[in-house]
Number of protein chains: 2
Amino acid sequence: MGPTGAGDRENTSDVDDVLAVNDAFYRAFETGDMEAMAGLWERSSRAVCVHPGSPAITGWADVERSWALLLAAPARPQFIVTEAIASVVGDAAWVTLTENIIVGGGSGAGTAVNVFARTDGVWRMVVHHGAPISRGRIL
Amino acid sequence: MGPTGAGDRENTSDVDDVLAVNDAFYRAFETGDMEAMAGLWERSSRAVCVHPGSPAITGWADVERSWALLLAAPARPQFIVTEAIASVVGDAAWVTLTENIIVGGGSGAGTAVNVFARTDGVWRMVVHHGAPISRGRIL
């Protein structure tokens, strides 16, 4: 589904490129691949990561530490991403999606917004904001 | 705190403009001002809103309906925004922040990512993703 906002400079290739990095993020998470995870983030002070239920972590050094801890854990969550919508405006992009998570025999769902910025032709993740969906919420 | 990503076209005026719309969003929420709320959103298919704990709502028509219901409720939450960081890349911008919420004699905190796009010189909200912070989480 494409956005309709006037002034867009979106094109299909950009959307595909952003979705590829978005997909690589979940694959790195699933496989516990810290090198891949570190490689797809923008290593800057504006890198921000919110793990579900947690306060924001700001700046690449702290974001990196949080992923190193998470990916070192034995649990390997599996992510089935649905309802992904990517929007591109120039050298910025964001993807909203539903994370369907299977881990340790249980399952759950969350929402996420992932923001990307393109520098020197390469899209990198600059914000990951994951949040739990509570059962029973209707609004 | 400014981002350090190479290739930025950020400037102080853009950041101020984005933060002004971000602030207007919380004032509209606090005062239940649906006209102000509707006026600051981009009315497009890519408008996405995630109320804390809820699935994503996509497209302006459904986003508008959700706000009409929320703002019609008698509860008037008060928001004290802290740790706001705004980043601008061309005609896109995002703000990450902590929402400190006082409502009905209780209080709580959440994280949010708000994404904005500039069309015809006007910054409008295109994504609001709010999430609860659970007490006791350390990561």
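Reader: Leaving aside its neighbours within four places in sequence, which residues is B:Glu30 in contact with?

Author: With those neighbours set aside, B:Glu30 is in contact with B:Arg76, B:Pro77, B:Gln78 and B:Phe79. Please bear in mind that this is a predicted model. B:Glu30 itself is found in helix 1 of chain B, which covers residues 12-31.

Reader: Is B:Glu30 buried or exposed?

Author: The general idea is to compare the relative accessible area with a cut-off, buried being under 20%. B:Glu30 has a relative accessible area of 18%, so B:Glu30 is buried.

Reader: Which polar contact does the side chain of B:Glu30 make with another side chain, and which backbone nitrogen does the side chain of B:Glu30 reach?

Author: The side-chain partner is B:Arg27, with a polar contact of 2.9 Å. The backbone nitrogen is that of B:Phe79, reached at 2.7 Å. B:Phe79 is also listed among the contacts of B:Glu30 given above.

Reader: Let us turn to the fold. How many helices and strands does chain A have, and what pattern does chain A follow along the sequence?

Author: Chain A contains three helices and six strands. In sequence order, these elements run α-α-β-β-α-β-β-β-β. Of the 139 residues in chain A, 47% are buried. Among the contacts in chain A with a separation of 6 or more, 47% come from residues 24 or more positions apart.

Reader: How should one read the span of helix 3 of chain A, and what should the span be at 1.5 Å a residue?

Author: One sets an expected span beside the distance between the end C-alpha atoms. Helix 3 of chain A has 13 residues, 60-72, and should therefore span 18 Å; the end C-alpha atoms are 18 Å apart, in agreement.

Reader: Which residues of helix 3 of chain A are buried, and which are exposed?

Author: The buried residues are A:Trp60, A:Val63, A:Ser66, A:Trp67 and A:Leu71. Viewed down the axis of helix 3 of chain A, these buried residues fall within an arc of 125°, and so they line one face of the helix. On the other side, A:Ala61, A:Leu69 and A:Ala72 are exposed.

Reader: What do the buried residues of helix 3 of chain A pack against?

Author: In chain A, they pack against helix 1 (12-31) and helix 2 (34-40), as well as strand 1 (48-50), strand 2 (57-58) and strand 6 (122-132).

Reader: How is the packing of two helices described?

Author: Two packed helices are described by the angle between their axes and the distance between the axes. In this structure, helix 1 and helix 3 of chain A pack at an angle of about 50°, and their axes are 8 Å apart. Helix 1 of chain A is therefore oblique to helix 3 of chain A. The residues that meet are A:Phe25, A:Ala28 and A:Phe29 from helix 1 and A:Trp67, A:Leu70 and A:Leu71 from helix 3.

Reader: At what angle do the axes of helix 1 and helix 3 of chain B cross?

Author: They cross at roughly 50° and come within 8 Å. These two helices of chain B are therefore oblique to each other. B:Phe25, B:Ala28 and B:Phe29 of helix 1 of chain B make the contact with B:Trp67, B:Leu70 and B:Leu71 of helix 3 of chain B.

Reader: Where is A:Arg46 placed, and why does A:Arg46 count as buried?

Author: A:Arg46 lies in the loop between helix 2 and strand 1 of chain A. A:Arg46 counts as buried because its relative accessibility is 2%. The side chain of A:Arg46 makes a polar contact of 2.7 Å with the side chain of A:Glu42.

Reader: Where is B:Ala47 found, and what does B:Ala47 touch?

Author: B:Ala47 is found in the loop between helix 2 (34-40) and strand 1 (48-50) of chain B. B:Ala47 has a relative accessible area of 0% and is buried. Not counting residues up to four places away in sequence, B:Ala47 touches B:Trp41, B:Glu42, B:Ile57, B:Thr58, B:Gly59, B:Trp60, B:Val63 and B:Val126.

Reader: What is the relative accessible area of A:Asn11?

Author: The value is 36%, so A:Asn11 is partly exposed. A:Asn11 is found in the segment before helix 1 of chain A.

Methods:
Residues are numbered from 1 along each chain as its sequence is written. Chains are lettered from A and ligands numbered from 1 in the order in which they are written. This is a predicted model: local features need pLDDT of at least 70, side-chain atom pairs count only at pLDDT 80 or more; totals for chains, interfaces and linings use all residues. Side-chain values use heavy atoms; hydrogens and water are left out. Helices (H or I, at least four residues) and strands (E, at least two) are DSSP runs, numbered from the N terminus. The expected span of a helix is 1.5 Å times one less than its number of residues. Buried means under 20% relative accessible area, exposed over 50%, partly exposed in between (1.4 Å probe, protein chains only). The arc is that of the directions from the helix axis to the C-beta atoms. Contact means heavy atoms within 4.5 Å. A polar contact is a pair of N or O atoms within 3.5 Å; within protein, one must be able to donate a hydrogen and the other to accept it, and residues adjacent in sequence count only if both atoms are side-chain atoms. Axes are lines fitted to C-alpha atoms, for helices over the stretch in contact, and angles run from 0 to 180 degrees between N-to-C directions. Angles under 35 degrees count as roughly parallel, over 145 as roughly antiparallel, 65 to 115 as roughly perpendicular and the rest as oblique.
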